[in-house]
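This report describes selected local features of one protein chain.

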Amino acid sequence: MGVALIEVQDLSKRYGDTTAVDHLTFAVQPGRITGFLGPNGAGKSTTMRLILGLDRPNSGTATIDGVPYARLREPLRKVGALLEARAVHTGRSAYHHLRCLAQSQGLPRTRVDEVLRLVGLTEVARKRAGGFSLGMGQRLGIAAALLGDPHVLILDEPVNGLDPEGVLWIRNLMKALAGAGKTILVSSHLMSEMAQTADHLVVIGRGKLIADESVEDFIARSSERSVLVRTPQPAQLIKELERVDADVTTADDGALIVRGMAAAEIGEKASAARVVLHELTPQRASLEEAFMELTRESVQYHADSGLSPEQPPIVGSGALAAPAVPAAESEVAE
């Protein structure tokens, strides 16, 4: 069997006067986790739908192992996808939902039991899926994606609704599958999770490609760099640095965060002023900071809280086999 990968070539999709995907080209290689990132309205969901044959492009192609999804034989054995975890018959049990999918692809009944155990739903397998919590529905969607032991996985927000233990499980599962040579494309808005999970990034904005590179290279492109400085003479050092227009802020623990100067320059200024330094550490931007900077011009929707500065915002209240559903997720309809 040939190497499975996803290829998007000069792909475009328009809805009336709106261009959702604009001449997009990238490839998802096997053996690594590729994070698919972009601001809201960037075209990520549309791109994934085009790859999976759920929509037709106006131009360009999207193929899996060189073949459009619609032409794949036994597609569940080739591609597993999670786009909308709630897309299940609410009156069916988790077991029968997966059993129907398995029968459609000639998969054995034993595989249903395997994936239910893998995602931690064995104990609630005979409960109606319509009564599942968000996290349990997400587990069921992941089980369906894994049912055919596919070579390619396309996952949209796979950790949505999962408890911390479940998040760790899906992270380790994806890493294990990538280590086994599978091709994984995962979309998420959680930058902290992508920083721990992804090996490579495809970043789009307004339907266009912004980046197709490793996580490390993407972060390195960011100008959001700073230097962490610790000194018993902070006031004196701040005075010296502000003379050369450095941006200096004080952290909660008393450390200084300096922007606009390299660590070597700060050290030279401190030495000239006879300021003692206890720490001088260059800080690299986080993935979130790099993402915000490099996609700033591609953000389609800007929120305005409408609050004054004094008015606080209102806020709402190791193994591959998943842990059993926690108590907080276990309430289901009979």
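## Polar contacts of Glu279

The side chain of Glu279 is in polar contact with the side chain of Thr281, at 2.9 Å. The model is a predicted one. A polar contact also links the Glu279 side chain to that of Arg230, at 2.8 Å.

## Setting of Glu279

Glu279 belongs to strand S13, which covers residues 279-283. Leaving aside residues up to four places away in sequence, Glu279 touches Leu228, Val229 and Arg230.

Is Glu279 buried, partly exposed or exposed? Glu279 counts as partly exposed because its relative accessible area is 25%, and partly exposed covers the range between under 20% for buried and over 50% for exposed.

## Pairing of strand S1

Strand S1 (residues 6-15) and strand S2 (residues 18-28) run antiparallel and are joined by seven bridges. Within this pairing, Ile6 stands opposite Val28 of S2. The hairpin of S1 and S2 has two residues between the strands, and Gly16 there takes a positive phi near 65 degrees.

S1 is also joined to strand S4 (residues 59-64), by five bridges, and these two strands run antiparallel. Which residue of S4 is the bridge partner of Glu7? The partner is Thr63.

Methods. Residues numbered from 1 in each chain as written. Predicted model: local features only at pLDDT ≥ 70, side-chain atom pairs only at ≥ 80, totals over all residues. Heavy atoms only, no water. Helix = DSSP H or I, 4+ residues; strand = E, 2+ residues; numbered from the N terminus. Buried < 20%, exposed > 50% of the residue type's maximum accessible area, 1.4 Å probe, protein only. Contact = heavy atoms within 4.5 Å. Polar contact = N/O pair within 3.5 Å; in protein donor to acceptor, adjacent residues only side chain to side chain. Pairing = 2+ DSSP bridges.
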